[in-house]
Amino acid sequence: MAMDFPPYHFRCPISMELMKDPVTISTGVTYERVSIEKWFFTYKKKTCPATMQRIENFDTIPNHTLKRLILAWQNQEDSKSSELLNSPSDKHEEIEALLSTIMSSPFKVSSLKKLRSIIDMGEETRNDFISCKGVEVLVQILDQTLTENSDFVTFRASEEALCILHQLPISEEEGDSFKLLSKQDSTRSMAIMLQRGSAEARLHTITIFKKMAKTNYDWNFVIQDQGLDFFKSLLELVSDEICSKASSCALEVLIEILRASKKNKLKAIEAGAVCVLIELLPESSRSRCEKMLQVIKLLCECAEGRLALVEHGMGIVVISKKMMHISNVATKIGVKIMWLVCNFHPTETVLEEMLIYGSVKKLLALLHMDGRSSTKDKVVKIFRLHGNSWKRYPCYPCDLKGYLGCVNEIC
C-alpha cells in the first residue's frame, strides 16, 4: 500500500512508526502501546522517552481521538494510491516533475516525501525512478551535508533522501546505484548521518551500509576518514534496545568490516567493542546473540581482543553461559572463543574462572557428542593443554575427574 509519509504527530516518538494503538501516559505524551510498555516493563525505564521526566504513574490511557484521525488519514491515502496505481504514465510524469522540483527548489523535503510515497508502490516504480536518474539526484542532496553552509533544512532533506535510497537495490550488479553510493563523498555523508541523524535516518543508513557490506566494498576510506567515531556509532546502534532491526544490521556490518583486516579489529577494540558486547550479551535474543558472539570471536583473533575479554569481569562468565544454552551455532562460536583464549592467553586466573563458572563442565559435556567435528576437536585440544591443571583444583568436580581419563585417551 502506497501512502505519504505519516505526519509527525501520528508517529510513535520511540519507534517513529505510524501508531496503531496510541496511548497517552502521565506526562501527556502519546506513544504506540507496544513501544511504551516495552520501555517501562521490559527495559525497566522510569522516565518519559520524549521529555525524560521521571514517572511515578505508569498507567496508559487509550487516545481514541488520535486513533480516529490516523484511520481517517490512512483511508485518504489509500484512495490517493488507488488513483495513482491506475495510471502508470502519470506516475512516470510525476516522478520526473518531482525530481525537477527537487533540483531547482531550496525546499526539498515535501517533494521528497511525495517521491517516497510513489517509490513505495513497488518494483516497477523503483525501476522507473532509477531510469529517471533519481539516484543521482538523491546522492547530490546527500553530499550537500558536507558543504560549509549546510543547515538544518539541508540535513532534513538528506534524511528524506536516505528514506528513499534504502528501499532501492544496491549491489555491484545494479551498477550505477552502487557506484554512486560508494563514492567517498557519499559514504562520508552517510557516516556523518550515522552519528548525527534521527533514529529513522540512522536505521536507513545502516540498512544501506548492510547492503554495501554484502559486496566487495572497501571500507578503508570510511574507517580512515571517520576513525573511532565510525565504530562508536555502529556500537551505539548495536546497543539500541528499541529498534532490533538497526541493531541486527549494525552487527552484520561490523562482522564484514572486521573480517577485512586486523587493523579494523584493532580500531573496534579501541572503540570499546568487547566491553559493549559482553554487557549486551546476557539479555540478547538468539539471533542477536549469535551475531555478537561472531563479532567477539573475530576480535579475539587479536591479542588485544583476548586481553579485553579476560580483563572484563563478566567476559568468561557470559561466554560460558551462552554455550549449550542458546543454539548449536552459539555453542560452536563460544568454543572457538574459548579455544583462542586457552591457546593464546591461558593465565591462571582465566583457567580458574573457566572452572568456577562452568566452562570446563560444558566443554566436557561436548566431548560426548556423537561423531567427530571441528568443535569437538577444539575441545580435545583445550583439555590436552589444560586438563591436568584443572584436575589439581580443589573445586574440580569429583564426578568429572573420571571424564578426564577419557579425554586423555582421546588425546
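Predicted model: local features only at pLDDT ≥ 70, side-chain atom pairs only at ≥ 80, totals over all residues.

Guide: Residues are numbered from 1 along each chain as its sequence is written, and side-chain values use heavy atoms, with hydrogens and water left out.

Visitor: How many salt bridges does the structure hold?

Guide: Side chains of opposite charge can pair when their charged atoms come close. A salt bridge here is a side-chain nitrogen of Lys or Arg within 4 Å of a carboxyl oxygen of Asp or Glu. The structure holds 15 of them. In one, the closest N and O atoms of Arg116 and Glu200 are 3.6 Å apart. Arg116 lies in helix 4 and Glu200 in helix 10 (residues 199–213), so the pair ties together parts 84 residues apart in sequence. Helices are DSSP runs of H or I, at least four residues, numbered from the N terminus.

Visitor: Are Arg116 and Glu200 buried or exposed?

Guide: Both are buried (under 20% relative accessible area; exposed is over 50%, partly exposed in between; 1.4 Å probe, protein chains only).

Visitor: Which residues touch the most other members of the largest nonpolar core?

Guide: In soluble globular proteins, nonpolar side chains tend to be buried together. A core joins buried Ala, Val, Leu, Ile, Met, Phe, Trp, Tyr and Cys residues through side-chain atoms within 4.5 Å. Among the 107 residues of the largest core, these are Phe129, Ile206, Trp219 and Phe230. A second, separate core of 17 residues includes Phe10 and Trp73.

Definitions and conventions
Helix = DSSP H or I, 4+ residues; strand = E, 2+ residues; numbered from the N terminus.
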